[in-house]
2 protein chains.
Amino acid sequence: MSRESEIRNTAYRTTPRNRVRRLPKRGHYDRETVHRVLDQGLIAHIGYVIDGQPYVTPTCYWREGEQLYWHGSSASRMLRAQKGGLPVCLTVTHFDGLVLARSAFHHSINYRSVMAFGTARIVDEPAEKAAALEAFVERVAPGRWAAIRGPNRQELKATMVIGMTIEEAVAKIRQGPPVDDEADHALDVWAGLVPTAIRVGAPVPDPLLRPGIAWPEHLNGWTAGANVDDILVKYEK
Amino acid sequence: MSRESEIRNTAYRTTPRNRVRRLPKRGHYDRETVHRVLDQGLIAHIGYVIDGQPYVTPTCYWREGEQLYWHGSSASRMLRAQKGGLPVCLTVTHFDGLVLARSAFHHSINYRSVMAFGTARIVDEPAEKAAALEAFVERVAPGRWAAIRGPNRQELKATMVIGMTIEEAVAKIRQGPPVDDEADHALDVWAGLVPTAIRVGAPVPDPLLRPGIAWPEHLNGWTAGANVDDILVKYEK
């Protein structure tokens, strides 16, 4: 077993911060599950506090081991001022469909989500910053980094990258059919799942694209109809 | 002009809390835009603070005028304890696709998001609670409430509904092609959009569904291939 898979087979510690209280059976603390849910997403919701007021900012994110990275957000001014770092909760959610029960009470949705807790810090070191940005582009379209014009010094300076070590995390997952009360099974109501997924549409070339530039091989994963989760995920079960 | 459309034509006040600082052109404060982004979504990310620690919980939500409602979350214990209500930031994000530029720096995503600020309160009054739950089901599948078994007193008690008046809100939207530096247009790199949308898959009947129960008319919007935004939205441009 590789070092990485050994780490993935361990679990995050559970504390009052990440322990699932409501419907605890839906909680998963093992790194493999948490990482997979994270790796299937592109947009996270970052929660942070300024003067007691909560803010939730959506932003692109990516993971390298136990590090999560994202682009600068409204928290950045706060981060500059706060040398010790800013406590954040980074949440990722995949909506997998409607769960239609026979009773109003048992209606639900299927989903996979992760809440990850840590302390955000600005990634200022140019090499780590450039490596993080490259990892982000390569994650979305492996091979694209070499094809595009890389950031110059000025652009690198204008790009805010924020990093966070995952201190605690939990995945919360609901899958499967509705669970109705036994007595309700006799009702004359359609029950079941309506699955949903983020799917790719037909590409739209930039109106300013020079003639003769073909769709590149590094975007082949992003075929019309593909499920974005499947394109993004790195690990297989 | 109806009273409702008069209200929708007004804007939320801008304060330091909701004013967009980074890329201010992407910010929209008019109620029509904010409401439309909200009405196209099903899952919100709710940010709140407990003992200085931010939490972001994903949950289903719905809107009635300037009221936002959602199901009970981890904040509920906190809410019970805190009579005055809990400050929250409710954020909704739609991921509309990759924006692939010729330079790393101008890579982006297209999205529509809303941040709404307010004070969460528990909806305890049984009539408001039942009405809110009915509005939620009817929003997803108009006509389904009458078909299913409604909540009994015990179920209604076990369901936590949280409400919030929108005090301030802002929509942040990026659409359209990549915007590259003029000099980069000559590069031999494919640039353009890869659109994405949440699409409906083929329904999966409950394995316990009684034979002879047909797909109901009230779910006809949820046809395989449909865009969930289009199913959910109430208002047209």
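Modeller: Buried means under 20% relative accessible area, exposed over 50%, partly exposed in between (1.4 Å probe, protein chains only). In this predicted model, 57% of the 237 residues of chain A count as buried. Residues are numbered from 1 along each chain as written, and chains are lettered from A and ligands numbered from 1 in written order. Local features need pLDDT of at least 70, side-chain atom pairs count only at pLDDT 80 or more, totals for chains, interfaces and linings use all residues, and side-chain values use heavy atoms, without hydrogens or water.

Biologist: How many helices and strands does chain A have?

Modeller: Read them as DSSP runs, numbered from the N terminus: helices are H or I, at least four residues, and strands are E, at least two. Chain A has seven helices and 10 strands. Its C-alpha atoms fill a box of roughly 65 × 50 × 45 Å along the principal axes.

Biologist: How many salt bridges cross between chain A and chain B?

Modeller: The rule finds eight (Lys or Arg side-chain nitrogen within 4 Å of an Asp or Glu carboxyl oxygen). One of them joins Asp206(B) and Arg102(A), at 2.9 Å from N to O.

Biologist: What does β9(A) pair with in chain B?

Modeller: Strands pair if DSSP finds at least two bridges between them. Here two bridges join β9(A) to β10 (residues 204–205) of chain B, and the strands run antiparallel. Gly192(A) has Pro205(B) as its bridge partner.

Biologist: Now Glu168(B): buried or exposed?

Modeller: Glu168(B) counts as buried because its relative accessibility is 4%. Glu168(B) lies in strand β8 (residues 168–174) of chain B.

Biologist: Which side chains join that of Glu168(B) in a polar contact?

Modeller: A polar contact is a pair of N or O atoms within 3.5 Å; within protein, one must be able to donate a hydrogen and the other to accept it, and residues adjacent in sequence count only if both atoms are side-chain atoms. Glu168(B) joins Arg13(B) at 2.9 Å and Thr15(B) at 2.6 Å. Glu168(B) also touches other residues, including Tyr12(B), Met115(B) and Phe117(B).

Methods. Contact = heavy atoms within 4.5 Å. Lists of a residue's contacts leave out its neighbours within four places in sequence.
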